[in-house]
Amino acid sequence: MKKFTAVLLTALLAFSMVACSSESSSSEQAEGPKDSGTLGEYEVAIKDCEVTQDYDGKDAVVITYEFTNNSDDDASFDVAMMTKVFQDGVELEHTSVYIDEESLEAVDGDCMKSIKPGNSLEVKTARALDNMSSPVEVEVEEFLGNGDKLTKTFELAE
């Protein structure tokens, strides 16, 4: 009787583990990639993508993010977050896109601004494009975070 009970409990345990792993993987697949959410003590949204020209007249992309500081201390987007932008699986280089060429005010000027806890700021980053036909994939994660990422893919208008 003890053997039968042990075998029955083992079978039930194995079945419950299979059911749990199957359930979690299907819910992960249903969720898919997220383009906004909580990363550590911050809320981030990948909002927009605009094709433009950089300081040298080359094709570039400007990515817009919404950054909210929910920590107890002042924070800036560039210090709190790590961003990567890919095209055809290769990370795109940073570039400068000027709002005003005379003053050399760049679109990414707000990335280093510190904001107080509970406040939000729209920030932009600029990357040099490799081509005008492949999609641009954006990733954001907290600097020294737990590895959670937000992602968004943008198709470039031709």
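Figure 1. Phe143 is partly exposed, with a relative accessible area of 43%. In this predicted model, Phe143 is found in the loop that lies between strands S9 and S10. Together with Met82 and Leu144, Phe143 forms a nonpolar patch on the surface. The accessible area of these residues comes to about 330 Å² together.

**Figure 2. Val79 and its contacts.** Val79 lies in helix H2. Because the relative accessible area of Val79 is 52%, and exposed means over 50%, this residue counts as exposed. When residues up to four places away in sequence are not counted, Val79 touches Met112 and Phe143. Val79 and Met112 are 33 residues apart along the chain, and their C-alpha atoms are separated by 7.4 Å.

**Figure 3. The overall arrangement of the protein.** The protein contains two helices and 10 strands. From the N terminus on, these elements follow the order α-β-β-β-α-β-β-β-β-β-β-β. Of the 158 residues of the protein, 31% count as buried. Among contacts between residues at least 6 apart in sequence, 65% join residues at least 24 apart. The accessible surface of the protein is about 10200 Å², and 51% of this surface belongs to carbon and sulfur atoms.

Figure 4. In soluble globular proteins, nonpolar side chains tend to be buried together. The largest nonpolar core of this model has 26 residues, and Tyr65, Phe67 and Met81 are those with the most contacts inside it. Two or more residues of this core come from each of strand S2 (42-53), strand S3 (59-69), helix H2 (77-80), strand S4 (81-87), strand S8 (120-128), strand S9 (136-142) and strand S10 (149-154).

**Figure 5. The surroundings of Phe67.** Phe67 is buried, with a relative accessible area of 1%. Not counting residues up to four places away in sequence, the residues that Phe67 touches include Tyr42, Glu43 and Val44.

**Figure 6. The stacked pair of Tyr42 and Phe67.** A search of the whole structure finds three aromatic pairs. In one of them, the rings of Tyr42 and Phe67 have their centres 5.4 Å apart. Their planes are at 25°, and because planes under 30 degrees apart count as stacked, this pair is stacked. Tyr42 lies in strand S2 and Phe67 in strand S3, so the pair ties together parts that are 25 residues apart in sequence. Tyr42 is buried, with a relative accessible area of 11%.

**Figure 7. The tilted pair of Tyr65 and Phe77.** The rings of Tyr65 and Phe77 have their centres 5.0 Å apart and their planes at 35°, so the pair is tilted. This pair links distant parts of the chain, with Tyr65 in strand S3 and Phe77 in helix H2, 12 residues apart. Tyr65 is buried, with a relative accessible area of 0%. Phe77 is likewise buried, with a relative accessible area of 2%. Ring pairs link Tyr65 and Phe77 with Tyr42 and Phe67 into a cluster.

Definitions and conventions:
Residues numbered from 1 in each chain as written. Predicted model: local features only at pLDDT ≥ 70, side-chain atom pairs only at ≥ 80, totals over all residues. Heavy atoms only, no water. Core = buried A, V, L, I, M, F, W, Y, C linked by side-chain atoms within 4.5 Å. Buried < 20%, exposed > 50% of the residue type's maximum accessible area, 1.4 Å probe, protein only. Helix = DSSP H or I, 4+ residues; strand = E, 2+ residues; numbered from the N terminus. Contact = heavy atoms within 4.5 Å. Areas by Shrake-Rupley, 256 points an atom, 1.4 Å probe, with all protein chains shown as cover. Patch = residues over 30% accessible without salt bridge, like charges linked within 9 Å, V, L, I, M, F, W, Y side chains within 5 Å. Salt bridge = Lys/Arg side-chain N within 4 Å of Asp/Glu carboxyl O. Phe/Tyr/Trp six-rings, centres within 6.5 Å; stacked < 30°, edge-to-face > 60°.
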